Amino acid sequence: MDDRTLVQRVKAGDPAAERALYDAHVDRVYGLAYRMTGDETLARDLTQDAFVRAFDRIDGYRGDAALSTWLHTVTTSVVLNGLRKVRRIREREADLDDARGAAETKPMSEPDLKDRLHVAIAGLPDGYRKVFVMHDVEGYTHQEIARALGVAEGTSKAQLSRARAKLRVELADYAEEWVA
Amino acid sequence: MTDERDGTQEEPEVEEAFVRALGDAARRLWNAPPETPREEMWDEIRAARAGDVAESESSARRFPRPKPWWLGIAAALVIGVALGRVSDGPIDPAASGTPAVADAGPAVSPTPDAGVQTGSESGPETPSDAELLPYRFATTELLNRSETFLTMVRAGGAAEESADEVREWARPLLTRTRLLLGSPAATDPELRSLLDDLEIVLVQIAQLPEDDSEERGWIDEGMDESRLLFRLRAASAAGAGTVRM
């Protein structure tokens, strides 16, 4: 089913079409929500809100962009917007900050890398973290990120570059091993 | 890597190896998502949409919509005035300097429909023109104010104001929007849709963070997608007498 037909059927309230649209994109939306929250319940809530919003706004889709682009713009906006209101994220980051010292003193191993990654990524400025996670972890393009965040593509690229530079410093010992 | 860099420049292949390894490690070790609970989420989505409360639910968790109980009380307080005016004859909005007010509840349902003089009884499910008159005034005023406010926000005119001030401006509009959503005015599907979209945007503005540049981009996008400003302008231009109820 092509995008146009799918949208027409969704607009007409066809449940099968809605489900098809959902099935095609839910993994990516949920994946981003989970990556950004680290919380299953929160990721579910955000994903559900995102799709509810997308279905409610489908009448506003005019076909200027690919349906997948439009859908991901709407859903990632909802997910990322929702994150702002979640105090639990901050609490979680605070816990990770507390764990920073212990992580730094252990010898290098996979579990340590996990801790160090958590600390390093959580320590990124909010804008850097979003772009890094969306691009390098979840595979979004700069165009998709720019649309979802409402910024220029150049801004997305610059923030990614700065995020990587910062992570390189934070993970310097691993970085040497990785590029050896 | 072709991305612009900040900091020391490495050989491209070295940098590429680092970026690839970093991404791989992050995908494996940083908040790796479990299997998507697609059926459970789908059930929730269907339930939310079936309940016709989808958009308001997502925001209502943070801003519960106030029950319009005080609207009923306010209406009850002025019912006597409304009854007197209605019983004297048809209400002519053009000749009235102040909005006439009528009860939204069943207490005045036996009152003849003053606007059209049909003598039919009005009830809470089919409010008469006379009963809807105050809501028309309130709706038109809200739409006018919202249009002005959102135009200013959209044009960046509010950018110089602190997020606190912008939030303060949005909140009373949000409250009034929600009250109208709980009033007979919202029985009209077109108006309800407009008020629903307006509510979502006002919620976003009422929750603007201090660093709000990204948020404002999303708000603009939301307004574009729902053609909110265009619809507000059209409804405002239509005026109190022709705003459909």
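Trainee: How much of chain A is buried?
Mentor: Buried residues make up 46% of the 180 residues in chain A, where buried is taken as 20 or more other C-beta atoms, placed from the backbone, within 10 Å of the residue's own. This is a predicted model, in which local features need pLDDT of at least 70 and side-chain atom pairs count only at pLDDT 80 or more, while totals for chains, interfaces and linings use all residues. Residues are numbered from 1 along each chain as its sequence is written, and chains are lettered from A in the order in which they are written.

Trainee: And which elements does chain A have?
Mentor: Chain A has 10 helices and zero strands, counting DSSP runs of H or I with at least four residues as helices and runs of E with at least two as strands.

Trainee: How many residues of chain A are in contact with chain B?
Mentor: There are 47 residues of chain A in contact with 42 residues of chain B, contact being C-beta atoms, placed from the backbone, within 7 Å.

Trainee: Which helix of chain A gives the most there?
Mentor: Helix 3 of chain A does, with 10 residues on the side that touches chain B.

Trainee: Switching to chain B, how do helix 7 and helix 8 pack?
Mentor: Helix 7 (residues 163-181) and helix 8 (residues 189-206) of chain B pack at an angle of about 150°, with their axes, lines fitted to C-alpha atoms over the stretch in contact, 9 Å apart. That makes helix 7 of chain B roughly antiparallel to helix 8 of chain B, the term for angles over 145 degrees.

Methods: Axes fitted to C-alpha atoms, helices over the stretch in contact; angles between N-to-C directions. Parallel < 35°, antiparallel > 145°, perpendicular 65-115°, else oblique. Contact = placed C-beta atoms within 7 Å. Buried ≥ 20, exposed ≤ 12 C-beta atoms within 10 Å, placed from the backbone.
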